[in-house]
Amino acid sequence: MYTYFKDLEALKACCPIKNGVWNKDILQGYMIYCCVEGFQQYIDEFMAKYQNDESLADLLFDFLLNDDYDGSDCQIGAAIYIARMDRDLLRRKKDLLLQAQKNEVHWKRPFRENGALDWLQ
């Protein structure tokens, strides 16, 4: 179950990473709230620091590709932040990225246009 945040201060007080280990429940909450007005800018700034974190990428792909999260807003956030991950890291995750790109639901695809993946080759 994800963490509920009543306001931005509650979100800031509940960091999803501690001592280099990601808390999946809190991260799921961050992914859900990244689409909520008033939370997005802080989450964008926070996540920008971890664009080359392989553990984070693995969790985001798990949110996006795992049927347990199907239809959850955390999948929208996961797709958004996967698209912002370091390109070298995403090349290492090529199979997962291509699997996500095949989804018929457009918002589950990190890159809306497959042509945007020319760098992956």
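A residue counts as buried when its relative accessible area is under 20%, as exposed when over 50%, and as partly exposed in between (1.4 Å probe, protein chains only).

A quick word on the model: it is predicted, so local features need pLDDT of at least 70 and side-chain atom pairs count only at pLDDT 80 or more, while totals for chains, interfaces and linings use all residues. Numbering runs from 1 along each chain as its sequence is written, and side-chain values use heavy atoms, with hydrogens and water left out.

Phe39 sits in the loop between H2 and H3; helices (H or I, at least four residues) and strands (E, at least two) are DSSP runs numbered from the N terminus. Leaving aside residues up to four places away in sequence, Phe39 touches Phe5, Asp7, Leu8, Leu11 and Tyr33, where contact means heavy atoms within 4.5 Å. Phe5 lies 34 residues from Phe39 in sequence, with 9.7 Å between their C-alpha atoms.

Now for H3 itself. Its buried residues include Ile43, Phe46 and Met47. Down the helix axis, the buried residues of H3 fall within an arc of 90 degrees, so they line one face of the helix; the arc is taken from the directions from the axis to the C-beta atoms. These buried residues pack against the following elements:

| Element | Residues |
|---|---|
| Helix H1 | 8-12 |
| Strand E1 | 17-18 |
| Strand E2 | 21-22 |
| Helix H2 | 24-33 |
| Helix H4 | 54-65 |
| Helix H5 | 73-83 |
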